[in-house]
Amino acid sequence: MRGLNGKRVIVTGGGSGIGRAVCERFGEEGAEVAVFDMNEGGAQETVRLIQSAGGKAQAYKVDITDRAQVDKAVAAFEAGGPIDVLVNNAGWDVIKPFLDSDADLWKKVIDINLYGPLNMHHAVLPGMVNNGGGRVVNIASDAGRVGSSGEAVYSACKGGIISFTKTVARELARKGIQLNAVAPGPTDTPLFAQVAEGEAGAKIAEGLKRAIPMKRLAQPTDYPGIICFLSSDDAGFITGQVISVSGGLSMHG
Ligand code: NAD
């Protein structure tokens, strides 16, 4: 991938699942990776994996819903040099029909999946503007493009992140900043295991595998290629786009 060697990259939620696979690939490409995660042990394990493969990485314990924590961690990483790439990947959900959910759950889902990425953009983008450019890749979800039963508020957040990505891409294109989104389909990660646990969950997982044209769940390793591409010199004229990584589960929209 052209142009990633020596780049300084933040990946939120880098301590698990898709985020960890993305961090490892940036490390292999020669980037310096800041692993932001509220799970410090997970972030440290990702750093260990990158360093043991000869890469550069640091762990930051950050809850992205807390602006003070975000500002402190961004400033600490930025003290070592400008930030070139931000991957907003941290996310969370539970499966619950909307009418069975309550405002406490809505708040938690919105805080993590919408407010957190807003905090990250607001903290990182001014530095990118000053530096004359940068890349952002937002991990949305196919739920935000086509909806997903039991994930109404999460879908609203992910749809919100997609339109936010397009809007800020328009606002900052002239400043050399490119924002794109990747929309995962069902992916075999700890988050998916948590939402699909139990007998009912196993049925959902089986049903999804049947519905996916490529007949399997995504794996975390299905994502680093597209995310590193969108962060690289090879994607120098792409902004405001959404790429679905779902084995063909959603093809329209
Ligand atoms: P995961 O649970 O394996 O990893 C998510 C990481 O985010 C964890 O390490 C967690 O500690 C961290 N995190 C959560 N809340 C945080 C917060 N407030 N501050 C900092 N870190 C926080 O999940 P995953 O499946 O790898 O999901 C990654 C992204 O992909 C998420 O945005 C998720 O919504 C999206 N996604 C996942 C699937 C799927 O089926 N797994 C499908 C569509 C979209």
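These legends describe close-up views of one predicted model. In this predicted model, local features need pLDDT of at least 70 and side-chain atom pairs count only at pLDDT 80 or more, while totals for chains, interfaces and linings use all residues. Residues are numbered from 1 along each chain as its sequence is written.

View 1. Helices (H or I, at least four residues) and strands (E, at least two) are DSSP runs, numbered from the N terminus.

**View 2. Helix H1.** 11 of the 12 residues of H1 are buried, so the rest of the structure largely encloses this helix. A residue is buried if 20 or more other C-beta atoms lie within 10 Å of its own, exposed if 12 or fewer, and partly exposed in between; C-beta atoms are placed from the backbone. Among the buried residues of H1 are Arg20, Glu24 and Arg25. Gly30 follows H1, and its phi is positive, near 90°.

**View 3. Strands S1 and S2.** Strand S1 (residues 8-12) and S2 run parallel, joined by 5 bridges. Strands pair if DSSP finds at least two bridges between them. Thr12 stands opposite Phe36 in S2. S2 (residues 32-37) is mostly covered, with 6 of its 6 residues buried. Glu32, Ala34 and Phe36 lie on one side, and Val33, Val35 and Asp37 on the other. In a regular strand, side chains alternate between the two faces of the sheet.

**View 4. Helix H9.** Pro224, Ile227, Cys228, Leu230 and Ser231 are buried in H9 (residues 224-231). Seen down the axis of H9, these buried residues fall within an arc of 160°, so they line one face of the helix. The arc is that of the directions from the helix axis to the C-beta atoms. Their cover includes H1 and strands S4 (85-88), S5 (134-139) and S6 (177-184).

**View 5. Gly248.** Gly248 lies in the segment after strand S7 (242-245). It counts as exposed, with 12 C-beta neighbours inside 10 Å. Not counting residues up to four places away in sequence, Gly248 touches Ile212, Pro213 and Met214. Contact means C-beta atoms, placed from the backbone, within 7 Å.

Terms used: Contact = placed C-beta atoms within 7 Å.
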